[in-house]
Amino acid sequence: MQAKKPQAASIFAPKTPAPANPIPSSSPAFGTPAHSLKPFTVAPPTKATILPILLPPATLRPLAFRTFTKKHSLTITSTALQELATFIGRHCGSGWREEGLAEKVLEEVAKSWKNRNGGVIVDGSSAELKEILKALEGSMSGGRIVAAGRELNRQNSLVLDSSQEADLSNTRLGLRPTKALSRDDSNTSFGMSGLGVEQEELDDDGLSHPRRWLKVISAFDQPRLLYNVNKKHFEKDPSKPSLMPSASHKTTLFRNRYNVIHQRLLRNESFQSSTVATTKSVPSLKRSNSSNLTAQQSYKITPIANLLGRHGSHHMLLGLLSVLPTGNLACNDLTGTISLDLSHAVAIPEDSAWFTPGMIVLVDGVYEEEEESTGKGLGNSNGVGGIIGGRFQGFFIGQPPCEKRKATLGVSGPDDHTIGGGFGWIDFLGVGSERATGAKMRKLEKRVLRRSRRALPSTLTSSAPDATAAAADDAPSPARVVVIGELTLDEPRALQALRKVLAAYATEPEGSAPMAFVVTGNFARHAVLAGGGASGGSVEYKECFDALAAALADFPALLQAATFAFVPGDNDGWASSFGAGAAVPLPRGPVPDLFTSRVRRAFAAANAELPPAAASAARGGEALWTTNPARLSVFGPTHEIVVFRDDMSARMRRAAVRLKTSGRTEEDGEEAAMANALDSTDAMDVDSAAKPAEPAVPHDVRTARKLVKTILDQGYLCPFRHAVRPAHWDHAAALHLYPLPTAMVLADPSAPPFCVSYEGCHVMNPGALLVAGRRGVARWVEYELGGVGRVRECLF
């Protein structure tokens, strides 16, 4: 056995440890250590132990009220309070109050609830709250939120700033970071702080073009929302949509239409009673011009069921204008039906809107009971089938006043600052809500348009800088939408006119081409798939689109730089195969791919000619065959453009109710004024001309105003009886115009072309591409984003 060597003092100096932060090197002059340094590793935090407690909901109520109600304008139910108290007691323990753990948890839950558009009332039995708490449970340690949950934005959780990137590189080299690697910034709003808008840099040339922020939304892809009267909020329809639903869905369609218009009226100042001053006069749709009337009249809507036993009393009704089996008019609401007599009724304002069965209208008049209680056959009104006995003698009839888009979404001011109220947290299109992304998208829009405007002078030839700037200001903006009306492809002159229109935009400077072309049907003069016309059939129908592809192929520059959206009409397939050119149910599907394959091939061939650098910087053009109606969303909820193809003006003239003219004189000035509810709306202006000095309004202008006011006041694209214009019950949410869009394309060849603004919504009608009665003239509309449209014409 070997003996141990005696320990003796070493004559050599002890080895000094290496510096705390050396840089490994292969040179012996720097004294490279024999063994590589052990890299620094960030030890995972130890999970603290929390002793669960039983937290009574009444103890948590003051803190929950301060966080949910006062800070986030949410109402929390008792079941939700119980769920939160159980969650906080189990995961935060006894330090929920002293250490402020419960307040942070409630803050994250409230923000996540608003991010999910859960509504104003937080319900404990809802699946959204359970999912939020489940996601929050996985990101808690020691009662604190230490990691990002499911609600965090993917881009925000992966992107590091410059200081964090330096710390990460030091860690990989084995060096100690300058500060702890934390992601507290990701947890500030639990998915609401970083929406990927402000962090995204516009270094890509493609992102600087407005077309990259354009999205065409089909009617079948829009969220199906229903208004909840109890919660006073919009909710998603939980049922699965079907083209052949049960009969109860038809009742739901009418109930939702009525509830949306009714809550819109209750939000109007003229329908809100004042507690300070009241008037003794009976409120009606007319008002006095006398200056002695200082107190504002308050209008009250009476349910039809409340008319019983109130013979000779004055009321205002809000209901659906319908037709009884006997042919008489009636007014329906959610409580009942009453026979309506409009033989002495006058429209307020006179001749300002259409009134057809199927519209929800305001009627002001007197209720009259029947003297005999016995029935009189089919024409009796003795309460059978929900019909109230007697009749309602209407004296004034009007459309429910419209509501501006800003008032609906709760934004105000020149910069669209967010204010309280409204439905700003509702995502009506599936592109983000106004309160979540609206402000950021508006900032992004300014940056994109400014950058695209600065890029234009490089393509313009000019010697002086001032001349270059002036040329850039005069250059057309790429943020334009060209709307081409009815394009009948089976007519040779239509393709000639289309080539002339496209040639006008193909000659513009590079980079200034419009971002979108909207082409509407009917693409055939007759329903060819139903045997209409001289020679109908699917082969001839496909040949029409083959001719369209040949015409588009002559302009490859436009096909590479623009999005073409094609909206069908009633004569297009497949719906026309059983409709035979008559009104088909709305919304209707796009033209089948079987007929449009060659048009898509023309776009693919044009995009293949793009150089690799341009193809990587900006995507090529595309052809989108969408539904009728469809919506264009630009920069999220900032700009919403509704595209609808229908002969609505002709249908309204056929189905309208004839009313008595007032025949007033100057002494009868009291009946000339509109009610405060209807008088508060903005006057419509024709954008193509300045306001005249009050001469006689042209007939085409009055027709345009009448049509636009009717549609926007109804807030519905199909305000007719289902026998006249049917609609798919489960997809009727796509026909609603609430909130009002920023612009609307109403392609109606039966009405004169116009560009009209009403209540902040700009409505355009290009008419037909070929002008009737003028040979060799093409007409279309050019709309600039956020501005107004103008009707353009050219000779071909």
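User: Which strands does helix α11 lie across, and what makes it a helix?
Analyst: Helix α11 (residues 492–506) lies across β16 (480–486), β17 (516–520), β18, β26 (777–784) and β27. Helices here are DSSP runs of H or I with at least four residues, and strands are E runs of at least two, numbered from the N terminus. One thing to keep in mind: this is a predicted model, where local features need pLDDT of at least 70 and side-chain atom pairs count only at pLDDT 80 or more, while totals for chains, interfaces and linings use all residues. Residues are numbered from 1 along each chain as its sequence is written, and side-chain values use heavy atoms, with hydrogens and water left out.

User: Why are β19 and β27 said to stand at the edges?
Analyst: Two strands pair if DSSP finds at least two bridges between them. The open sheet runs β19-β18-β17-β16-β26-β27, with mixed pairing. β19 (622–625) and β27 (789–795) each have a single partner strand, so one side of each has no neighbour in the sheet.

User: How do you know that β18 and β19 pair?
Analyst: β18 (residues 563–567) and β19 share four bridges, in the parallel sense. F566 stands opposite W625 in β19.

Technical notes. Contact means heavy atoms within 4.5 Å. Axes are lines fitted to C-alpha atoms, for helices over the stretch in contact, and angles run from 0 to 180 degrees between N-to-C directions.
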